[in-house]
Amino acid sequence: MKTIFVDGYNVVNSWPDLKTKKDFSFEGARQTLIDKLHNYSVFKECNIVLVFDAHKVQGSIEKEEKISKNISVVFTKNGETADSYIERKVNALGRKYEIVVVTSDNLEQQTIFQRGAGRMSSLEFYNEVIKIEKSIKIKTDKSQNINKNNLSDNISPDIVKILEEIRRGK
């Protein structure tokens, strides 16, 4: 199964619908991103590791929270950037598994590629996530229409006609 490492704050600062909210907060942007990536990971059947920097937070220890079967959120320890965390993980996994790293940091992209992982810019990933969200919406709209249980499907045409006349006030 493909694993996608996402540089969280790089994505938050790149995606238009995350950084331009009137009531912007990093906590709200993180949660919106988690929700979007959860839907994406289920639809695409992949694992996502969303990594946020905590390297400037004094005394911070590395924390990993399993959000669902397909998505984990990592806050790095004090002194470690998201880039260095991702590089460390990719170094261990990159040539054994299918790994993609999402970041717009060019130096990071080159380093990741040299270690055996694929790379994708934050905006490329944004466009892919939007495309998947549209696919999910189309799929759910179709299934809702198929599963609709209309009253007219369950009563005789004569009664449908009478009810329609009553509705129109005739």
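The model is predicted, so to speak of local features a pLDDT of at least 70 is needed, side-chain atom pairs count only at pLDDT 80 or more, and totals for chains, interfaces and linings use all residues. Residues are numbered from 1 along each chain as its sequence is written, and side-chain values use heavy atoms, with hydrogens and water left out.

**Aromatic rings and charges**

Let us start with the rings. Six aromatic pairs turn up in a search of the whole structure. Here, rings of Phe, Tyr and Trp (its six-membered ring) pair if their centres lie within 6.5 Å; planes under 30 degrees apart count as stacked, over 60 as edge-to-face and the rest as tilted. Y9 and F26 make an edge-to-face pair, because their ring centres are 5.4 Å apart and their planes stand at 80 degrees. This pair links distant parts of the chain, 17 residues apart: Y9 belongs to helix 1 (residues 8-12) and F26 to helix 3 (residues 26-44). Helices (H or I, at least four residues) and strands (E, at least two) are DSSP runs, numbered from the N terminus.

Ring pairs join Y9, F26, F52 and F75 into a cluster. Two of these rings also have a charge over them, meaning that NZ of Lys or CZ of Arg is within 6 Å of the ring centre and within 35 degrees of the ring normal. For F75 it is K63, at 5.7 Å from the ring centre.

**Accessibility of selected residues**

The table uses these cut-offs: buried means under 20% relative accessible area, exposed over 50%, partly exposed in between (1.4 Å probe, protein chains only).

| Residue | Relative accessible area | Class |
|---|---|---|
| Y9 | 18% | buried |
| F26 | 40% | partly exposed |
| S72 | 5% | buried |
| H38 | 27% | partly exposed |
| Y97 | 51% | exposed |

S72 is part of strand 4 (residues 71-75). Neighbours within four places in sequence aside, S72 is in contact (heavy atoms within 4.5 Å) with I48, V49, L50, E64, E65, K66 and I67. H38 sits in helix 3 and, with the neighbours within four places in sequence again left aside, is in contact with S68 and I71. H38 and K69 are 31 residues apart in sequence, with their C-alpha atoms 9.4 Å apart in space.

**Helix 5 and its surroundings**

Helix 5 (residues 106-114) has E108, Q109, T111 and I112 buried. Seen down the helix axis, the buried residues line one face, because they fall within an arc of 165 degrees, taken over the directions from the axis to the C-beta atoms. The face turned away from that buried side carries the exposed residues N106, L107, F113 and Q114. The buried residues pack against helix 4 (82-93), strand 5 (99-102) and strand 6 (118-120).

How do helix 4 and helix 5 pack, and at what angle? The angle is about 10 degrees, with the axes 10 Å apart. Axes are lines fitted to C-alpha atoms, for helices over the stretch in contact, and angles run from 0 to 180 degrees between N-to-C directions. The two helices are therefore roughly parallel (angles under 35 degrees). D83, I86, E87 and V90 of helix 4 make the contact with E108, T111 and I112 of helix 5.

After helix 5 comes G116, with a positive phi near 100 degrees. G116 and Y97 are 19 residues apart in sequence and 9.0 Å apart in space, C-alpha to C-alpha. Y97 lies in the loop between helix 4 and strand 5.

Methods. Angles under 35 degrees count as roughly parallel, over 145 as roughly antiparallel, 65 to 115 as roughly perpendicular and the rest as oblique.
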